[in-house]
Amino acid sequence: MIDHLAEGFAAAFALANLLALSAGTVVGILVGVLPGLGPMVGMAVLLPFTFSLPADVALSLLLGVFCGGYFGGAVPAILFRTPGVPSSLVTAFDGFPLTRRGEAQRALSAALVGSLGGGLISIVILVALAPLLSRVAAAFGPPEYFAAALFGVLLVVVSFRRKLGQSVLLLGLGFWLSTVGLDGPTLSARYAFGFWELQNGLHIVPLVLGLFGIGQSLLLLEQGILDTGHLKLSRGSLDFSKIRESLRYWRTLIRSGVIGTFVGLLPGPGSVLASYLAYDAAKHRSRDPDSFGKGNPEGGLAAEAGNNAVPAGALIPLLTLGIPGEALSALLLSVFILNGIYPGPLLLVKEPVLISTLYWSMLLINLVAFLVLALWLRPFATIVRTPVKVLAVSVILVSLVGIYPVNLRLFDCGVALAAGVLGYALLKRDWPIVSLVMGIVMGPILENRLRETLSLGEGSPLILLERPITLGVLLLCLAVVLLPLRRRRARP
Amino acid sequence: MPQAAGPAPEEGAAGEGAPGEGAAGRRADDLLAGLLGLAGAGLLAASPWLVDRSGPEPFYKGPLIFPLIALALLVAGALPSLVRLAASLLEGQGGLGRLAPPWAAVRLVGLMCLFPPALPLIGLEAAVALFACLGLLAVGWRRPLAGLAVALGLALVLHLAFKSLLDVWFPEPLLWALLEAAA
């Protein structure tokens, strides 16, 4: 264990890894600061860059964007009451009133300390919890994996309760898109319509780049530039004297970090719920709950600690079960798979150095993100002024150029443009696009597990009811579906 | 991105449709879901002919079982929308109201459809610079010098990132080769 940690430490501090995680973090902060983009666009745009990189470096790059995005999202939320990422909405509740009172530095200190603290706490929980869950998952066979993956997908779908129809539709569409092309085990062509390009299947990179990179950019064209005329920052960097004040809320920090990690662990709910629950817990535990929403730095600290703990929490089911909880970790899963690494209970045994490198990289990413934002606060805050037209055209071109080298096929650029139009329509109509990405990424995994399960049962799905773990997970699935219905009925 | 004003909503807890568009927005949602649902139903019906099932495997190991489940889910998800659409058509309320077409996005997508063929024709740098300029024009950018600077800057950044740093192969520009051969 110690040897692996030392090897991981050396790998994490290798120059290539440091450069990748720093670059990823800066890109993450940029897309987090810019309202309308967010870490998903950043990760999608950087995805083609990962093909020429070793797995650990590629993952550090994308994890940098993942965590950096949450760090960056707090800045416009506090300064302009416009969250860079959806979860920073909660940070704005107290951050913006503080800015209006001329205490932006106090709010930003609390948010950044919260982000750093939440990130670090969640890494500790990840390191402690992942091996335990992995040991449980070691007893899994194909039926258990199938049931667990089904449970993960189901949680994501039902988390959009009021858009259940759209969520189911998009999940089905994602599953179907993942089946286009040659079927691996039987080498049968599926839905190729006579085109040899389609026989190679629809690669995840153009699909995701199209849905998020191009789709979000097209949507960006309809959003006006922010009013940044009232940018109130007393200095260009963070006032470090305010950090000590934020550390007084260490109890809130730890509580929020734990809440965020466990919300991140659950497939579906995501960072918005994490930051809201952390904020709510801080408010209820506070001696002065009435000050929340009027400019209490503890609120911003709690919200940021909650949302920044989500990435490490989301890594727990991803690494141990191979089940991504939401779109961002689904993208990370695709990087693992593209590098020939299949997350699951054996991953911690087979690739201990990679996992250890990831832990160290996560730690470094949180420190780098904190330092980068603390030192260059004003430049990052003024990036919000970038015209959306320039941003949109640039992101689309970077996406299209990035797709081409993946398979050296112009066809993929066409796929990305088509996915971009679909992504634009879905994002504009506020559909749960996460379900589509989950379907695309989880489709092949679920299909393989289903076939293996049915083969074990000689065609009978009843095998799922004969094994205690699968039966338990299926009962959980049933509860996830039925409980909200019961609650809805109980309401007047 | 809307400005933060009230308590945070639970993710995914918002009602159907983008906020603030009312009945027309809901009909647009239903139309989109209906179109996807009908396409899914068509694929579901045609699946036995669109999937090669010549292998010896039994059905449960074969290539068709999962696509059928996927398409069934798609159609099931679209069913409520299809029912609402049919009902509104019967009542003669099929209009989408005043949903304005997104012309800037349409122009930009139309233009970008030409980018992939231009890439092998004029090369990475020229294609990026040209399409960045044209793209900015298409979305209504009215500062030509700044636009040119953005286009050249973007071409330089992408050249450095993909060719110099990552050593990615891009096709030699066909047009330049033809011009050279002609000269």
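Predicted model: local features only at pLDDT ≥ 70, side-chain atom pairs only at ≥ 80, totals over all residues.

User: How many residues of chain A are in contact with chain B?

Analyst: In chain A, 80 residues are in contact with 77 residues of chain B. The area buried between the two chains is about 6,800 Å², and carbon and sulfur atoms give 74% of that area.

User: Which residues in chain A lose the most area to chain B?

Analyst: They are A:Tyr191, A:Val401 and A:Arg429, which together account for 11% of what that side buries.

User: Now the core. How many residues has the largest nonpolar core?

Analyst: That core has 198 residues, and B:Met112 and B:Phe115 have the most contacts inside it. Helix α4 of chain A, residues 55–80, gives the most to this core, with 17 residues.

User: What is B:Phe115 in contact with, leaving aside neighbours within four places in sequence?

Analyst: From chain A, B:Phe115 is in contact with A:Leu397, A:Leu400 and A:Val401. Its partners in chain B are B:Ala127, B:Val128 and B:Phe131.

User: And where do helices α5 and α6 of chain B meet?

Analyst: Residues of α5(B) including B:Val128, B:Ala132 and B:Leu136 meet residues of α6(B), among them B:Leu148, B:Ala151 and B:Leu158. By class, this contact has 13 nonpolar, 2 polar and 2 charged residues.

User: At what angle do their axes cross?

Analyst: The axes of α5(B), residues 124–138, and α6(B), residues 144–165, cross at roughly 145 degrees and come within 8 Å. The crossing is right-handed.

Technical notes:
Residues numbered from 1 in each chain as written. Chains lettered and ligands numbered in written order. Heavy atoms only, no water. Core = buried A, V, L, I, M, F, W, Y, C linked by side-chain atoms within 4.5 Å. Buried < 20%, exposed > 50% of the residue type's maximum accessible area, 1.4 Å probe, protein only. Helix = DSSP H or I, 4+ residues; strand = E, 2+ residues; numbered from the N terminus. Contact = heavy atoms within 4.5 Å. Axes fitted to C-alpha atoms, helices over the stretch in contact; angles between N-to-C directions. Left-handed = near helix turned anticlockwise from the far one by under 90°. Nonpolar A, V, L, I, M, F, W, Y, C, P; charged D, E, K, R; others polar. Buried area = accessible area lost by both parts, 1.4 Å probe.
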